[in-house]
Amino acid sequence: MSTPSRVGEQPLVKWSLISIALFFVTILLIIPLLSIFQQAFASGLATYFDNLSEPDTLHAIGLTLIVALLTVPVNLVFGVMLAWAVTRFEFIGRKFLITLIDIPFAVSPVVAGLLYLLLYGSNGWIGEWLYEHDLQVMFAWPGIVLVTVFVTCPFVARELIPLMQQQGRSDEEAAVILGASWWQLFRRVTLPNIKWALIYGVILTNARAVGEFGAVAVVSGNIRGETNTLPLHVQLLYEDYQSEAAFASASLLAFIALLTLILKAFVEWRQERNHINEQDQQGEL
Amino acid sequence: MSIRLDNISKQFGKFEALSPLSLDINNGEMIGLLGPSGSGKTTLLRIIAGLENANTGTIHFGDHDVTNVHVRERRVGFVFQNYALFRHMTVADNVAFGLQVMERALRPSPAEMSKRVKQLLEIVQLGHLAARYPEQLSGGQKQRIALARALATKPEVLLLDEPFGALDAKVRKDLRRWLRNLHDELGFTSVFVTHDQDEALELSDRVVVMSNGKIEQVDSPVELYAHPNSRFVFDFFGNVNQFKANWNNKHWQNGNAFILPPVAEATQKNGYLYVRSHELSLSKKANSQASLPCKVVAINPVGAEVRVELSPIGWDTTELWEAKLTHQVLNEQSFSRGDEVYATPQVGYFFADGVRGEPIILRWPFLAPGHLMFDI
Amino acid sequence: MSGSHAVSRPKHQRVLPGFAISLGVSLLFISLILLLPATGLVMQTKGMSLSEYWYVISDPRLVASYKVTVGSAFAASLFNGVFGLLLAWILVRYQFPGKRILDALVDLPFALPTAVAGITLATLYSSTGWLGNLLESIGIKVAYTPLGIIVAMAFTSIPFVVRTVQPVLEEISQEEEEAGMTLGASDWAVFWRVIMPSLRPALLVGVALSFTRSLGEFGAVIFIAGNMPYVSEITSLMIFVRLQEFDFPAASAIASVVLLTSLSLLLIINLWQGAYLRRIHGK
């Protein structure tokens, strides 16, 4: 068992490093996570559910779900389209396109919100037109959906592009030679290969869509019971010194976050397993 | 520096990678560890280097017991299979690494260091590549840089893991010759691992043939060829035809085929007869010594010889037989593909079942050529 | 297929279907969602003269916020450089109970909404919170100070470092380390001279991403920061404040500074990464 040939294998070094890392992880990640639930349940289950069944809270939950339900499919379609275009074809500006979709990662959410506000708000050039036609985008749910789409658009594409690039296009070309239609091609050749990355991308998109705060804060107008998403509602309650109610709502979001992590771990485990299976099969050949 | 291994064994979990084995390597010798994958040759090399700890046994470099000496204090040169050049360093920095990490007291001055690096790059004939990065080099160049890096600290033992495995045939041949010259010139002790018999035979003073974690045979290439001491070694060196010999009190029988062994008790039993392909003749008729009916499957002229592939008719072998004939013989006999011919061994190596060690060497005909042997 | 000819000139007919539609949808989406909104900012700031612009973005309170933001982001990403490397190291190199859970937990800051992180950290580190109480007893105040901002920024951006370093660390071959050792290098020397140089580019990219993210972080920071002018106000908050005063031009001017900074950072990271990769991989 003893291979003295890797750096840092000495038990003393190993366990010191693990201890230091776990200490910081406990302070920075584990305690905050636990404290969310501790705060939420501080006065017992009954209060917790009372807090959650406040009409404004229920409305915030509903709005948040709608936003996620609209955002995820849009970005799913966009992500697949973009990944297909940039990994299956060569064209001028391909690399530039890949760089462009990183923008939402780099842009501060508040700035993102502001960009939309300036465009669709009453003194923006589209906003004016919308105002004349009595269409409200800002300080209403369409605005929230728009900024959420902006903020979350890289996730699916970012997961798919490296994978599809690595897989190459020969599988699909083979299918075309065998006479597959585009739908058969996608459904039976491409999709099985990218399934897990796609699911992972969707999970991430959803997590971010549900939890976006800065950008939504700018465009929502914070109208209680109307344009408040769950994160905004958390803020409102917290600043009203209704700490427990705030944490009750926060616990819902934390729960979604945990679910995201679990799903992610599961997806990674599946991918690993697929990978190992593939290697086994190659080994047999 | 001589190397002495005593009773070395190694287990990975339940898998016995090396059964207890001993080996003496003389100062200045070049030793090839030859065997199929999984034979334990790389493990043995890594144990000599100190990259792996043996479960039992001792290792001496000269009179010095290095069994528990850490790899970094053993001062061996090690060339890795995939070279393991440091990607982020230039060629010169790679070569200088061993000098740079020396203890301050022993470390040469920067001027000496760059002189030594220059000298080493000259030895490997790559002085002009000093400023390049490893990824910009060809496989053969990487190999030579890895060698220069290993030699920088003037090790007395050089260990090489499949040194030419990743190179194409032409480069491999050139580098082999070059390495052998370098070895003779600088006088270190070298041990290299290979699965290529030609490489082992061409380079080594002695070859260590390994299988299943055991040493099968240690001998000079000439001895190894002349006296392979086990069926494994014989098989491994290839180019050999196998005959499953069943003694029926008259001759060795296998289906329709038979071979008549000399009258001696040692050969009048079941076993395997090995016949080298250049010690096999073909004729259109069977004779009293041997009748091995075959069909000619392919005739491949390769250089000075012609390789005739034979598929047995009415008897069993695991692989096709091969006879190497001269062009002249082939022309005289005028075989062509699809012909039925009879193979006759001139020299055979008989391994009797249940008997270990060297085979019994048999030469046909037992009488002088041309006398009393008759066609049937 | 004819539409595709306008974009590029394929030398032969494309084999796979969907070029025009996939590229078309992508371009339309990118134009509408990513690029079009920028026009609003341009329109808004176009009306300002250069001196007006300068006046707005060099306001002392704002300059103080730049310092707080950049300084805190710098400190947070430095901390993450060290801590993230440590985390990546133990996740790749060691086996220990709970490793899989730890690996999953690293992504918590990505998955947890920033507002939730914000109120949680603020509560925990306030003088009545678990950790704040503890730290205050040894004289360290975290909540409502720049230190709190650093904590929040470090929390939200730690995965960037871990997730960029991890794959590179996995790729370092055992042989390279062994080569170092057979040449006589100590563990320490192998770490600094063989492993670190291979990790450094990824580590720097991770730290740079962590820094960029920290610069723009809003939700996690504002609750714990206390938002005292000149002391613990971050630049994103200043945009928000100007917006609530309906001072759109000022908000836009500040936003343009922030936007240009983050886009330049993104560009630099990309170029630098590309240059490094080219050097290591030959051409």
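Predicted model: local features only at pLDDT ≥ 70, side-chain atom pairs only at ≥ 80, totals over all residues.
**View 1. Strand β20 of chain B and its two antiparallel neighbours.** Strand β20 (residues 347-352) of chain B pairs with strand β14 (residues 271-276) of chain B in the antiparallel sense, and four bridges connect the two. Strand β20(B) is also joined by four bridges to strand β21 (residues 360-363) of chain B, and this pair likewise runs antiparallel.

**View 2. An open four-stranded sheet in chain B.** The strands of this open sheet follow the order β2-β1-β4-β5 in chain B, with antiparallel pairing. Because β2 (15-25) and β5 (64-65) of chain B each have a single partner strand, they stand at the edges, and one side of each is left without a neighbour in the sheet. Strand β1 (residues 3-12) of chain B is connected to β2(B) by seven bridges in the antiparallel sense, and within this pairing B:Arg4 has B:Asp24 as its bridge partner in β2(B).

**View 3. A helix lying across the strands of chain B.** Helix α1 (residues 41-49) of chain B lies across β1, β2 and β4 (56-61) of chain B, and the helix runs at about 120° to β1(B).

**View 4. The contact between chains A and C.** Chain A contributes 75 residues to this contact, and chain C contributes 81 residues. On the side of chain A that touches chain C, the largest share, 16 residues, comes from helix α1 (residues 11-40) of chain A. Sorted by class, that side of chain A holds 55 nonpolar residues, together with twelve polar and eight charged residues.

**View 5. The annotated span of chain C.** An unreviewed UniProt entry places the annotation "domain: ABC transmembrane type-1" on residues 66-269 of chain C. In the model, the span of residues 66-269 of chain C is 80% helix and 0% strand, and its end C-alpha atoms lie 21 Å apart.

**View 6. Confidence along chain B.** The mean pLDDT of chain B is 88, with 96% of its residues reaching 70 or more. Over residues 367-373 of chain B, however, pLDDT stays under 50, and for this stretch the model has six contacts beyond four places in sequence.

How values were computed:
Residues numbered from 1 in each chain as written. Chains lettered and ligands numbered in written order. Contact = placed C-beta atoms within 7 Å. Nonpolar A, V, L, I, M, F, W, Y, C, P; charged D, E, K, R; others polar. Pairing = 2+ DSSP bridges. UniProt positions renumbered as here; feature names shortened; annotations may be inferred. pLDDT = per-residue confidence, 0-100. Axes fitted to C-alpha atoms, helices over the stretch in contact; angles between N-to-C directions.
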